[in-house]
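Please work through each task before reading its solution.

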Amino acid sequence: MAYYIATVKVQDENERGRVTNTNETYCVEAESVTEAEAKVVKDFEGDNTEYQVKEVKETKILKILD
């Protein structure tokens, strides 16, 4: 397993009705870039949110300590 950083562009509507774009970063544990992207897409399923996965890249993180 490796850790990947996924950058996702998310469109939100604020209380005034204005649409804003924000970049969100996720750390994903997966076997490949493709699997990491699929996990991000699955996480957004069911949300009524416009999003676009902009980038997924492998990190040098060895492990995450609890």
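**Exercise 1.** Determine whether F44 is buried or exposed.

*Solution.* F44 has a relative accessibility of 7%. Buried means under 20% relative accessible area, exposed over 50%, and partly exposed in between (1.4 Å probe, protein chains only). F44 therefore counts as buried. The model is a predicted one, in which local features need pLDDT of at least 70, side-chain atom pairs count only at pLDDT 80 or more, and totals for chains, interfaces and linings use all residues. Residues are numbered from 1 along each chain as its sequence is written, and side-chain values use heavy atoms, without hydrogens and water.

**Exercise 2.** Classify the ring pair of F44 and Y51.

*Solution.* Rings of Phe, Tyr and Trp (its six-membered ring) pair if their centres lie within 6.5 Å; planes under 30 degrees apart count as stacked, over 60 as edge-to-face and the rest as tilted. The centres of F44 and Y51 are 4.5 Å apart and the planes stand at 20°, so this pair is stacked. Y51 is partly exposed, at 28% relative accessible area.

**Exercise 3.** Identify the aromatic pairs in the structure and the cluster they form.

*Solution.* There are two aromatic pairs. Y26 and F44 form an edge-to-face pair, with 6.0 Å between centres and 85° between planes. Ring pairs join Y26, F44 and Y51 into a cluster.

**Exercise 4.** State which nonpolar core contains F44.

*Solution.* A nonpolar core is a set of buried Ala, Val, Leu, Ile, Met, Phe, Trp, Tyr and Cys residues joined through side-chain atoms within 4.5 Å. F44 belongs to the largest such core, which has 12 residues in all.
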